[in-house]
Amino acid sequence: MKFEVQHGCFSYQKEDIVLRNMFLHVDEGQVISILGPNGSGKTTLLKCMLGFLKFSSGTVLCNGIDQKETKQSEFWQKVAYVPQARIQTFPYLVKETVLMGRSAYLNLFQMPSEKDQEIAEAAMKQAGIFYLAEKSCAELSGGEMQLVLIARALASQPEMLVMDEPETGLDFRNQLLVLNLIKKLSKEENLSVVFNTHYPEHALEVSDYTLMLMKNGGSLFGTTKDIMTEKNMQAAFGVKIKIIEENIDGVKYASILPVSLLEDEKV
Amino acid sequence: MDVKFEIWMIISVVVLFLTGLTALCMGQFNVPIDQVISILFGRGSTLKNAATVIWQVRMPRILFSMLAGAGLAAAGAAFQSLFSNPLATPDTLGTANGASFGAALGILLGISYVGIQLSAMFFGILAVILVFIVTKRSSGQNKGPIIMVILAGLVISSLFSSLVTLTKFVADPNNILPAITFWLMGSFSSISYKSLQMGTPFIIVGLIVLYLLRYRMNAMSLSSDEAKSLGVNLPLIRGLIIFSSAAITASVVAICGVIGWLGLLIPHIARMLFGNDNRRVIPASIVFGAEFMLLTDTIARCASNTEIPVSILTAIIGAPVFIILLRKTGGIRI
């Protein structure tokens with residue numbers, strides 16, 4: 001789907017501006033990463049994009065239509081949110097959790113149908129967790145739970161996924177599983193994906209465009225290649241950065257090395 | 001949706017029916033089962049006064065205790081999802097005490113039966129809303145951590161219970177004070193068809209709404225952002241659940257006083273048997289709640305010559321279970 005944020009501004013308190021005149025543009029099948037230091041407003045931005053918080057000024061457009069004019073249930077049939085994996089108070093089975101992704105299509109009193117079950121099953125297969133269907137979410141590892149939440153998002157057959165730090169806290173293997181799934185969904189299903197991350201390497205690896213948030217509320221948006229330079233990252237994170245490129249079996253991999261704190265900050 | 005669950009439900013409904021039939025026989029005046037069946041089919045009985053006892057005394061009481069049990073258990077299950085909190089029930093969150101203040105106030109002011117019920121409902125709803133406001137402000141989110149919700153409930157609950165004491169303090173000690181005191185102990189003994197007519201519509205409507213909303217409760221039990229992202233209309237469903245649960249609790253309170261613990265106990269038994277999916281928790285809570293209340297009330301009226309207030313029995317069973325659950329779940333973070 002086409003998703004745009006124009007002139008997005010947000011502040012929790014008047015003087016304390018978190019986001020300032022921010023632009024973001026997502027097209028079909030594109031992957032957008034959001035990077036920035038702690039406290040730069042990555043999560044706030046996601047919440048604003050999804051309408052959990054309201055931009056104090058600016059416009060959000062979904063397929064060219066102002067978000068304010070879209071009905072909530074319609075919005076959530078097109079956009080799916082993948083939160084960070086956390087413990088459920090009342091642990092549901094994996095298949096029950098994924099089925100909840102169908103909720104946006106149900107009326108107030110409606111029960112999910114056989115067809116909804118089938119769609120949820122397909123979503124589990126797509127995310128590669130169908131073998132977990134009968135397990136309780138309380139028994140899953142962090143990586144498995146993250147994939148379950150992605151499956152739940154896919155069950156709503158969305159046009160765009162918005163993911164909040166999907167690979168944080170996962171081991172290497174699970175990180176790669178999640179990243180590969182993001183790539184696959186964008187390439188094969190033409191899904192748009194927006195995710196925020198603490199790992200610049202992951203942004204380099206999967207995203208087409210990058211939004212880099214600065215400490216002062218400013219932001220940079222452009223192709224990942226243009227944005228992810230040593231200079232920009234140094235400015236955003238306040239750390240001396242070196243990008244190291246490595247050629248492995250004919251494929252280029254980039255590794256980002258935080259060398260040291262900037263001179264004036266050294267203790 | 002699941003054969004094991006359906007078999008359980010069919011067996012439970014049959015057991016409930018048989019318990020009801022047995023309860024009709026039992027009491028100070030024992031009526032044999034064949035006589036009861038003959039009375040129920042309208043063929044009368046050879047025992048003197050048996051028909052009156054069955055139809056006028058036991059039947060309304062049995063019907064109401066089942067309905068009250070079903071309602072309180074469903075309301076408890078709904079509150080657990082609403083607050084994502086295994087310890088949330090209309091009594092732990094102050095709804096029951098709010099409603100009893102409303103009812104005590106009504107008795108004090110000498111208003112009509114319907115008035116007492118509406119006043120109970122108003123203060124019951126007010127109590128939940130207060131808990132919501134307190135936890136929202138303190139944590140900056142819509143749902144506070146478990147301990148916060150319980151503490152807020154405790155505070156609101158004790159606020160209303162001291163207001164009940166205040167009502168008792170100013171009440172006329174000769175007739176109004178005893179009326180309030182006896183009624184607060186909780187008893188089904190004064191149930192008649194008239195009180196059934198007053199109380200049941202709210203309970204039945206509340207039950208139907210909670211039953212219909214059961215699938216939505218699954219999403220409600222997640223964090224509020226997640227629930228919203230699943231397309232759930234949060235304010236509407238919150239409102240419906242609070243209103244239905246408070247209507248049930250207040251109606252029960254207005255007719256027979258506070259009956260605690262049931263709303264906590266029964267949903268957890270349902271969860272242990274069938275998992276946490278509310279498509280099973282809600283129907284199971286309704287049936288088990290009816291059965292539990294019917295059993296407890298039958299014991300309360302048959303165990304000794306004088307009737308034991310039913311709330312004492314539910315507390316004796318409920319309090320230890322609450323402690324076990326608290327120890328088991330106290331560490332969960334939302």
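**Figure 1. Helices α2(B) and α3(B) are roughly perpendicular to each other.** This legend and those below describe a predicted model. Angles of 65 to 115 degrees count as roughly perpendicular, and the axes of helix α2 (residues 33-40) of chain B and helix α3 (residues 50-82) of chain B cross at roughly 70°. The two axes come within 10 Å. The crossing of α2(B) and α3(B) has a right-handed sense. From α2(B), the residues that make the contact are Gln35(B), Val36(B) and Ile39(B). Their partners on α3(B) are Ala50(B), Ala51(B) and Ile54(B). Sorted by class, this contact holds 5 nonpolar residues and 1 polar residue, with no charged residues.

**Figure 2. Helix α1 of chain B packs against α3(B).** Helix α1 (residues 3-25) of chain B meets α3(B) at an angle of about 140°, and the axes lie 10 Å apart. Roughly antiparallel is kept for angles over 145 degrees, and α1(B) is therefore oblique to α3(B). The crossing of α1(B) and α3(B) is right-handed. On the α1(B) side, the contact residues are Gly20(B), Ala23(B) and Leu24(B). On the α3(B) side, they are Ile54(B), Arg58(B) and Ile62(B). The contact of α1(B) with α3(B) comprises 4 nonpolar residues, 1 polar residue and 1 charged residue. Ile54(B) also takes part in the contact of α3(B) with α2(B).

**Figure 3. Helices α8 and α11 of chain B pack with their axes 8 Å apart.** Helix α8 (residues 193-212) of chain B and helix α11 (residues 234-256) of chain B form an angle of about 155°. This angle makes α8(B) roughly antiparallel to α11(B). The crossing of α8(B) and α11(B) is left-handed. Residues of α8(B) in the contact include Ser195(B), Gly199(B), Phe202(B), Ile203(B) and Val205(B). Further along α8(B), Gly206(B), Leu207(B), Val209(B) and Leu210(B) also belong to the contact. From α11(B), the contributors include Leu240(B), Ser244(B), Ser245(B), Ala247(B) and Ile248(B), along with Ser251(B), Val252(B), Ala254(B) and Ile255(B). By class, the contact of α8(B) with α11(B) has 12 nonpolar and 6 polar residues, and no charged ones.

**Figure 4. Chain B has 14 helices and 0 strands.** Along the sequence, the pattern of chain B is α-α-α-α-α-α-α-α-α-α-α-α-α-α. The C-alpha trace of chain B spans about 65 × 55 × 35 Å along its principal axes. Chain B has a radius of gyration of 20 Å, which agrees with the value near 20 Å for a compact globule with 334 residues.

**Figure 5. Chain A contains 9 helices and 12 strands.** Its C-alpha trace extends over about 60 × 45 × 35 Å along the principal axes of chain A. For 267 residues, a compact globule would have a radius of gyration near 18 Å, and the 19 Å of chain A agrees with this.

**Figure 6. Domain 1 and domain 2 of chain A.** Domain 1 of chain A covers residues 3-93 + 157-224, and domain 2 of chain A covers residues 229-267. The centres of the two domains, taken over C-alpha atoms, are separated by 23 Å. Their contact draws 8 residues from domain 1 of chain A and 8 residues from domain 2 of chain A. On the side of domain 1 of chain A that touches domain 2 of chain A, helix α7 (residues 200-206) of chain A gives the most, with 3 residues. That side of domain 1 of chain A consists of 6 nonpolar residues, 1 polar residue and 1 charged residue.

**Figure 7. The contact between chain A and chain B.** Chain A supplies 22 residues to the contact and chain B supplies 24 residues. Helix α2 (residues 72-78) of chain A provides the largest share of the side of chain A that touches chain B, with 3 residues. This side of chain A is made up of 15 nonpolar residues, 6 polar residues and 1 charged residue.

Terms used. Residues numbered from 1 in each chain as written. Chains lettered and ligands numbered in written order. Predicted model: local features only at pLDDT ≥ 70, side-chain atom pairs only at ≥ 80, totals over all residues. Domains from an automatic or database assignment. Contact = placed C-beta atoms within 7 Å. Helix = DSSP H or I, 4+ residues; strand = E, 2+ residues; numbered from the N terminus. Nonpolar A, V, L, I, M, F, W, Y, C, P; charged D, E, K, R; others polar. Axes fitted to C-alpha atoms, helices over the stretch in contact; angles between N-to-C directions. Parallel < 35°, antiparallel > 145°, perpendicular 65-115°, else oblique. Left-handed = near helix turned anticlockwise from the far one by under 90°. Rg over C-alpha atoms; globule rule 2.2 N^0.38 Å.
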